[in-house]
Amino acid sequence: MKLLDKAFAPETYESRVARLWDEAKIFRADPERGGERFSIVIPPPNVTGSLHIGHALDYTLQDVIVRRQRMLGKDTLWVPGSDHAGIATQMVVERHLREQGLTRHDLGRDRFVEEVWKWKETYHARIVATLRRLGCSCDWSRERFTLDPGLSRAVRETFVRLHEEGLIYRGERLINWSVGSQTALSDLEVLRDEPEEGELWSFAYPIEGGGEIVVATTRPETMLGDTAVAVHPEDPRWKDVIGRRVIHPFFPEREIRIIADEALADPETGTGAVKVTPAHDPNDFECGRRHGLALINILNPDGTLNENAGPFAGLDRFEARERVKQALIERGLFRGSRKHMYTPGRCQRTKTIVEPMLSTQWFVRMEALAGPALEAVRRGEIRFIPSSWEKTYFHWLENIEDWCISRQLWWGHRIPAWHCRDCHEITVARETPEACRACGSTGIEQDPDVLDTWFSSQLWPFSVFGWPEDTLELRRYHPTDVLVTGFDIIFFWVARMIMSSLHLTGKIPFHTVLFHGLVRDEHGKKMSKSTGNAIDPAETIDRHGVDALRFTLAAMSSPGSDIALAESRLEGYRAFLNKLWNATRFLLMRLPGEPASARSRYGLGDLDALDRFLVAAYLDMVDEVDRAMDAFRFDQAVEAIYHFLWHTFCDWSIELSKPDLSPDAAADGHGAIRASVMLDVLDGALRLLHPFAPFITEELWQHLPRRARDPELLAIAPIPTAADPAVPVPRELDRAAARARVENWLIEPVSTIRGLRAGTAIPPGRPVPVMLRPRHAEGREALAEFSGRIGTLVRADPVRLLDGPAPEVPALRQVAEHVEVVIPLEGTVDLEQERARLARERGKLMRERDGLARKLANPKFLEKAPATVVEKDRGRLASVEARLAEVERLLEQLP
């Protein structure tokens, strides 16, 4: 058997392990296989650029789930793919063209779309390469793209079907217009996160026949589209002027009346009067519908004012704002201004201020679709983890508005509607028509707009399986089992998938939705390239290896909670993997007899106390991981595996077993049993660790001596569960007793003695006498059994067991939970020198403690210092105080 390399170097085996999986085609699902199945679809990344650390978290968690399900023996399918991301991809390609001095209009629609396809191919290849490097065990033979022919057919079918049902319509409504992106946006694509400082500007409308009425606005230019002034019908200040006409300073011929509207006007706010601009404000739009007001649009798509703005036509909207203000001042109508905090809507992509604007667009009526989606979650058919997101989901669906689905873009699914130039009717069809259905004219032209990206994305969980065709894959794998996603797209994507799947297939799209948090920097701040705190997954993998990144992300992942990712955590978990590598190599080098026969059979009666301790700890760890994974607590599963491998297996089992393991030992001695137990337990632990760290576990497992029924690859080996530990260790032992015997009477004395020695100047290699007194009578027999190992492990000679109190001699003493430990110092250390050394250390520690305490009591330091610095100093203070207490205890013990 080839030995493991001495050094842990992930770059030497990662690509080789990946080739083993690919060549064996073990990630391919088989819909005809029968038996239990598990399916999941990848949230398709946008083909706008490279994957970021948030993607790495998302795909790591999915792969952990998928690999575990595959190792549970299920027909497992993980469908990969990518999203065309209409507005986002068009923006980055247009930016790329601008760098060359071109616009999309210079190229024309067809050539521009060709350029976007080229971009897609380049970045799609990078995305797939990163996913494969991360170890994503997708069925790559089933990869999909939201603009591929099959999914495009699903999009057309959906549009036409909803149109036939009256759920899709075309109409003139107030929409969100992005001047930066030059397209309509849905409400969800408008950011309203941060309040900004603006100006609340007041001006007067003269009332025909005398008097004036004062209104205030943050957008004075919109008064060019005013068609009414609203007041509350019970406001005594204005009851007598309701119905009177006001005079527009720039359009005196316009009919503008004072109207009573209790929904819009609030008597407690300002003058109680509100200007009404139905074409440029959603609340005013509704008011206009109630009162039959004229809708006057004053904006061009590029953000300039149109001919309805009269003398201000052609001006940019912000320049027009200042010109309108100046003109009102000159006319004596200005009535004051003040600073005002408000939250303007901004385009999610360009961050430019969005304009509410009257426009003819395509919409989906959402109310009828929302009802079944609400009930599916309320009835528990779909489970949200954490469940707290249900409240957010319910609130949005209960207050849902119609969805504007048309976008004034060139990249995306073009709307399957054709406009007739002769009769002006619209033909909506699944296949491209040759003539107008209304009049038969061949003078038809397809609608220039494309569909919102999310229109196709909502179909992802079933369109990837061939819907609308009734395919074998659709019947086998839909609904899927789990959706793993960020909480930030619960409305954009999750809710819409539920609505569309229920309406179009009659089934839920998935049974469980697992929401994970965001990956932030170590200070909890959002990562951004501009601030320099972004972590590149590829660079991280280059430094630490794939498994260290995956293991770190999983270890820090609790449903719904953000992750503060620090380099130190990555380094720490890489050290864990390095320790596992070294421990496995050590064990393989110390196997007694021939490696091929190292996995001998054994029963419970063949095991000694150390074997039983290891098996019991292993079985407990299996149970912990099982419970954690059932609850999607990746962090708890990782902690259980980490603690077992680092502490139980590496720190204690290997350390305690060194005297028994030797390549020269007899193959029929107890060393052979010990080696078999340790190999079986290591085998099982590698299986449990595999979903989190697939590359190192596969590499190590390939070097283990095999049992006859083992498969060729760890990735498809049975995973241990509470019902089946997957390796032939005895399950009938008393776990608690087996662990207590070693932990109480071997590990505790060794740890206590080492702790006492570490606080003194006793040279590490010098043997010291040790006295042990069990605090419980049943411990004497166990201490007698382990005394030889204790002496070897702590360099103690002799080790004496006491039946009564320890003799009153100069000594280091500690009463632990189960054992009292005494290390006589006479002849072991110079007592005067040791006392002086400890006194010096005590003085140094007291000075450091006092300095840290003063620093942490300073309000200015606590206010200005980063939270991580404060926590670090608090941790250091606790450490100093603990060591100081230990030094004072040692000084008290010296005569």
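The largest cavity of this predicted model is lined by T158, L162, V364, M366, L369, W403, Q458, R496, M499, S500, H503 and L504. Two elements, α6 (149–164) and α14 (490–505), each give two or more residues to this lining. The greatest contribution is that of α14, which supplies five residues. By class, the lining of the largest cavity comprises seven nonpolar residues, four polar residues and one charged residue. In total, three cavities of 30 Å³ or more were found.

Charged residues number nine in the lining of the second largest pocket, alongside seven nonpolar residues and one polar residue.

Helix α7 spans residues 282–291, and its buried residues are D284, F285, C287 and G288. These four lie on the same side of α7, because the arc they cover around the axis is only 165°. The opposite face, turned away from the buried side of α7, carries N283 and R289, both of which are exposed. Several strands take part in covering the buried residues of α7, including β5 (168–178), β12 (256–260), β13 (273–276) and β16 (355–364).

The structure contains zero disulfides. For C404, the closest cysteine sulfur is that of C347, at 13 Å. A disulfide requires two cysteine sulfur atoms within 2.5 Å, and the sulfur of C404 is therefore too far from that of C347 for a bond. C404 is itself buried, with a relative accessible area of 5%. Burial is thus a feature of C404 and also of C287 in helix α7, in a structure that holds zero disulfides.

Methods: Residues numbered from 1 in each chain as written. Predicted model: local features only at pLDDT ≥ 70, side-chain atom pairs only at ≥ 80, totals over all residues. Heavy atoms only, no water. Buried < 20%, exposed > 50% of the residue type's maximum accessible area, 1.4 Å probe, protein only. Nonpolar A, V, L, I, M, F, W, Y, C, P; charged D, E, K, R; others polar. Arc of directions from axis to C-beta. Contact = heavy atoms within 4.5 Å. 1 Å grid on protein atoms, 1.4 Å probe; cavity = no way out; pocket = protein on both sides within 12 Å on 5 of 7 lines; lining within 4 Å. Points joined across faces, edges and corners; volume = space filled by probe spheres on them.
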